[in-house]
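Hi everyone, thanks for making the time today. I'd like to walk you through a structure, so let me put it up on the screen and then we'll go through it piece by piece.

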Amino acid sequence: MNKQRRDVLKYSAVFGMMAAAGLISEAQAQAWNKAAFEGKSLDDVFKILGSAPEKSGAVTLNAPDIAENGAVVPVGISTTLKADQMAILVEKNPSTLAALFFVPAGTEPFVTTRIKMGQTSNVYALVKADGKWLMSSKEVKVTLGGCGG
Amino acid sequence: MADPMRVRATESGGVVDVKILMKHDMESGQRKDAAGKVIPAWFISTLNVKAQGNDVFNAQFGPAVSKDPFLNFKYKGAKGDKLVVSWIDSKGDKRTDEATVA
Amino acid sequence: MNNLIEKNSLVRRTSIMLLNVGICVSLGFVNAAMAQQKPDPALQKMMQSGFKADGIAGLDRIQQDETQAFCSDPVFANGTTKAASAKREAIQKRNLAEIQQPSDGKYVGDWKKGEAIAQSGRGATWTDTATSAVGGGCYNCHEIDKKEISYGNIGPSLWNYGKSRGYSNEMMVYTWNRINNSKAYNACSNMPRFAHFKLLNEKQIQDLMALLLDPQSPINQ
Amino acid sequence: MRAQFEPSCKSIYASVFSAFALLALAQTTQAQTASDGIAKYREMIADGNPAELYEAAGEELWKKPMGPKNATLEQCDLGLGPGVVVGAAAQLPRYFKDSNRVQDLESRLMTCREKLQGIDPQATIDAPFQVGPKKEMEALVAYVVTLSKGKKINVSTTHPKEKEMIALGKRAFFFEGGPMDFSCASCHGENGKRIRLQDLPNITTQAGAALGWGSWPAYRVSSGQFWTMQQRLNDCYRQQRFPFPIYGSEVTIALSMYMAATANGGIVQTPGLKR
């Protein structure tokens, strides 16, 4: 058995324990979407999420035009739709999907987090409502900073 | 043992604004150490937030989420709600912290 | 007649005084010059005991040469005294004299390589090794190619450097000298002496020259 | 003759002038867009400073019995009396009678750890940043400076040793060295200057010093670390291509004293959040 496979097994075992302890619900523990997080392109991720999203004015992506540092890029998603999932994708990152969010009923379709970007790229905010993925995107420039260049 | 989180939750007009800071290196798997060896990825992969025992937010992170992750979301709730925030990382380390909505 | 001379010298003296006040105020020094031209044992002791050698960054780096010692007292160095201007000229002369013109007679190399050198601000720190590539760090202080929006402004913009100044032999030599040792023209220039401290080699300087003075360079479009 | 000549002269001036104006406008617009973008970026990350994580750890360490003497730091005198932490960072560095020298926050914390807890300062001085005893120092600093947020910078400049350190710090600020001929003043001695897109405060002025001194220590997003002023100065000297400044050495305290004294009257905004 190779090491990678052992790690995966260990990993699922830990998830199982967590689930049993009630720290993370069973559904969530099962669901860390390995395939989606390993997608290397927008199409890879779209395929795994189920459908290619359509552009929609109902999805708002809040991100700066320029990031002073690629290590911390603030990204927010909000929507007027009744969303149950949201996702942040960065086209030119080594793995396209940065984060996936699940929004239970009673929680607002709004999230803000911070992500890493290796270079200037388009950033996508995805929202799933009524079983359909919708999106909005913008380019975020990552600048070189400081004396180190 | 992972370091504690900072959880701030305030209610206004029936909506609770939750801000969470987690202490984690979120190693991307892209960096190399001084000897040129790739530092393996190590990151928080799953986060769950419960209020009064019910799920109010779930997140899955990849290694592209920033070091010391920050998360802000809002749910319909009340002052005094008991929040339980838990995460687990890709090595199986975990952390749970509690907070009360102000 | 006598009166007139008196008056003239008074005017002159007053204007020099005003000039001095102007400089002092603009530099933010209201108190007297720091007189760093004389050795200061307390400062020397503090600097010697405050640092340790680490890798390529040895303690020799805080042994100031004449240029550094002079410029560490800006009130004096930028002042209008005869002593200061004489010293400035002497320092510039010495720095100019050590500049070597290109051994193969070529001033202009490859602008693409020059752009990469201008972008990199790395090298010569205690986290580097003797073989780490040293960059020119030019964008830290200069606007060069307008496509790069992340540029500093400690030095002047170099956009259209050749296009606006021309590509004469005179410009070639002046620019070459300025990159090799900026102190040849301005004793206390903020710009490093790239050749004096062997930060950049001849080839790298030729490539930087191309970025500025090759008519094909994107900065001259 | 002259009257005829004038209009054309004027028109040449006018066209030259408008060309310059256009050029200047184009340049400002581009620079403006970049700096607006950066301003929005900074505003967006200002909420939720990860320095809070260090602050929480520091508060725990402050109250935890540690070291050979198994004591807490709760009786540490940071200048306002034993145990007073609120506002203490706003009046540091200062002269301390018991140690008979001017101390900054880090060197004073090392004194407290030595006296109260029996922790040898040398081990802290020699440790790399962000690990071991330095990691503890960083957390403690985050805790202490957070309790001065919003206070006025109010550093004493009356004791002869304080005066001496301000003067020495100023000299060190202008001290050029290394293979790039840099001093602190090379970057921080004029108004309106930038390295790449980073604004450089002019530390020789009250406003600039208040901005610079007043917003460090800070969480730095590029390294994902909380940096104390000692680490900030250390990295300045690294980029100046100087040798390695010794943690808590006189030159680092003198520089801090010069900056803080120049900044007097400004507002403490620590812990900051920096690129």
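Before the sheet, one definition: two strands count as paired here if DSSP finds at least two bridges between them. And please keep in mind that what you're looking at is a predicted model.

With that, let's start at the sheet. Six strands form an open sheet in the order 2(A)-4(A)-7(A)-5(B)-2(B)-1(B), and the pairing is antiparallel.

Strand 1 of chain B runs antiparallel to strand 2 of chain B, and seven bridges join them. If you want a pair to click on, take B:T10, whose bridge partner in strand 2 is B:D17. These two strands make a hairpin with two residues between them, and there B:G13 takes a positive phi near 60°. Moving one place along, strand 2 of chain B, residues 15-21, pairs with strand 5 of chain B, residues 70-76. That pairing is antiparallel too, over seven bridges. Here the pair to look at is B:I20 with its bridge partner B:L71 in strand 5.

Now step back to the whole of chain B. Of its 102 residues, 53% count as buried. For contacts in chain B with a separation of 6 or more, residues 24 or more positions apart account for 53%.

Chain A, the other contributor to the sheet, has four helices and nine strands. Reading along the sequence of chain A, you get α-α-α-α-β-β-β-β-β-β-β-β-β. Buried residues make up 50% of the 149 residues in chain A. Among chain A contacts between residues at least 6 apart in sequence, 60% join residues at least 24 apart.

On to chain C. Its domain assignment gives domain 1, residues 2-80, and domain 2, residues 111-220. The contact of the two takes nine residues from domain 1 and eight residues from domain 2. Which element gives the most to the domain 1 side? That is helix 3 of chain C, residues 66-71, with three residues. By class, the domain 1 side has five nonpolar, three polar and one charged residues.

Chain C also touches chain D: 43 residues of chain C are in contact with 36 residues of chain D. On the chain C side, the elements that give two or more residues are helix 2 (41-50), strand 1 (51-52), helix 3 and helix 7 (138-141). Helix 2 of chain C gives the most, with six residues. The chain C side divides into 21 nonpolar, 16 polar and six charged residues. There is strand pairing across this pair of chains as well: two bridges join strand 1 of chain C to strand 7 of chain D, residues 244-245, and the strands run antiparallel. One residue pair to find on screen is C:F51 and its bridge partner D:P245 in strand 7 of chain D.

Last stop, a helix pair inside chain D. Two packed helices are described by the angle between their axes and the distance between the axes. The axes of helix 6 of chain D, residues 160-173, and helix 10 of chain D, residues 250-263, come within 7 Å and cross at roughly 100°. Angles of 65 to 115 degrees count as roughly perpendicular, and helix 6 and helix 10 of chain D are therefore roughly perpendicular to each other. Residues meeting there include D:M165, D:I166 and D:F173 from helix 6, and D:I253, D:L255 and D:Y258 from helix 10. The residues of this contact divide into 12 nonpolar, one polar and two charged.

That's my tour, and I'm happy to go back to any of these views.

Conventions
Residues numbered from 1 in each chain as written. Chains lettered and ligands numbered in written order. Predicted model: local features only at pLDDT ≥ 70, side-chain atom pairs only at ≥ 80, totals over all residues. Buried ≥ 20, exposed ≤ 12 C-beta atoms within 10 Å, placed from the backbone. Contact = placed C-beta atoms within 7 Å. Domains from an automatic or database assignment. Nonpolar A, V, L, I, M, F, W, Y, C, P; charged D, E, K, R; others polar. Axes fitted to C-alpha atoms, helices over the stretch in contact; angles between N-to-C directions. Parallel < 35°, antiparallel > 145°, perpendicular 65-115°, else oblique.
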